[in-house]
Amino acid sequence: MEIQWHEGLAIGIDTIDKQHKEIFERISTLISADMEELAPEQRDIVLHKLLRFMGGYVIDTFKTEEEFMTKSHYPEYDQHKKEHMEFLKSYSSLVRMFEKEGATDLIVTATQNQTVDWLIKHIKGTDQKVTAFLKQSGYFSKTKNKAP
Ligand SMILES: [Fe+2]
């Protein structure tokens, strides 16, 4: 699975871009091993680490974004927050599935679809809209693009 952060995923807010880059680096390190080649116990370890990382770091990144949106009175905050909540919901169900069944093929694929693919889509669409608003509203010039 090819997981690489690239400039096309930059949203233009340094703090958040750094966090997104870290997410991609961590995910790519964790799943650089071909999951199909691994013994079941190793797959369990890799997936467990990935899910644990998602549950911590990704949630922190959401919080940073939400603070930016609140401070700048972003008009589409509710919709954006809803997407974050939906991610957390599917993340929780992945964790429950993993705890019950281990790293089955189905769970490995679902993790890719519901976390990695979701993140790419969310960053390119929903997150980049926030930056467009911050630029347009002049919020950046007031804060010099720093964390709220
Ligand atoms: Fe977001």
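A: A residue is called buried if 20 or more other C-beta atoms, placed from the backbone, lie within 10 Å of its own, exposed if 12 or fewer do, and partly exposed in between. By that criterion, buried residues make up 22% of the 148 residues in the protein. This is a predicted model, in which local features need a pLDDT of at least 70 and side-chain atom pairs count only at pLDDT 80 or more, while totals for chains, interfaces and linings use all residues. Residues are numbered from 1 along each chain as its sequence is written.

The protein has five helices and zero strands (DSSP runs of H or I with at least four residues, or of E with at least two, numbered from the N terminus). The mean pLDDT (the predictor's confidence in each residue, from 0 to 100) is 85, and 90% of the residues reach 70 or more. Among the elements, H3 has the highest mean pLDDT, at 94, whereas helix H5, residues 139-143, has the lowest, at 68.

H3 covers residues 77-101 and packs against H2, residues 40-71, at an angle of about 170°, with the two axes 11 Å apart (lines fitted to C-alpha atoms over the stretch in contact, with angles from 0 to 180 degrees between N-to-C directions). H2 is therefore roughly antiparallel to H3, a term for angles over 145 degrees. The contact (C-beta atoms within 7 Å) involves, among others, Leu47, Leu51, Met54 and Phe62 of H2, and on H3 residues including His80, His84, Tyr91, Leu94 and Phe98. By class, ten nonpolar, four polar and two charged residues take part in this contact of H2 with H3 (Ala, Val, Leu, Ile, Met, Phe, Trp, Tyr, Cys and Pro count as nonpolar, Asp, Glu, Lys and Arg as charged, and the others, Gly among them, as polar).

In the loop between H2 and H3 lies His73, which has a positive phi of about 55° although it is not a glycine. His73 is exposed, with 10 other C-beta atoms within 10 Å.

H3 also packs against helix H4, residues 105-136, where the axes come within 11 Å and cross at roughly 170°, so H3 is roughly antiparallel to H4. Here H3 contributes residues including His80, Phe87, Tyr91, Leu94 and Phe98, and H4 contributes, among others, Ile107, Gln114, Trp118, His122 and Val130. This contact of H3 with H4 has nine nonpolar, seven polar and two charged residues.

Technical notes
Angles under 35 degrees count as roughly parallel, over 145 as roughly antiparallel, 65 to 115 as roughly perpendicular and the rest as oblique. Two residues are in contact if their C-beta atoms, placed from the backbone, lie within 7 Å.
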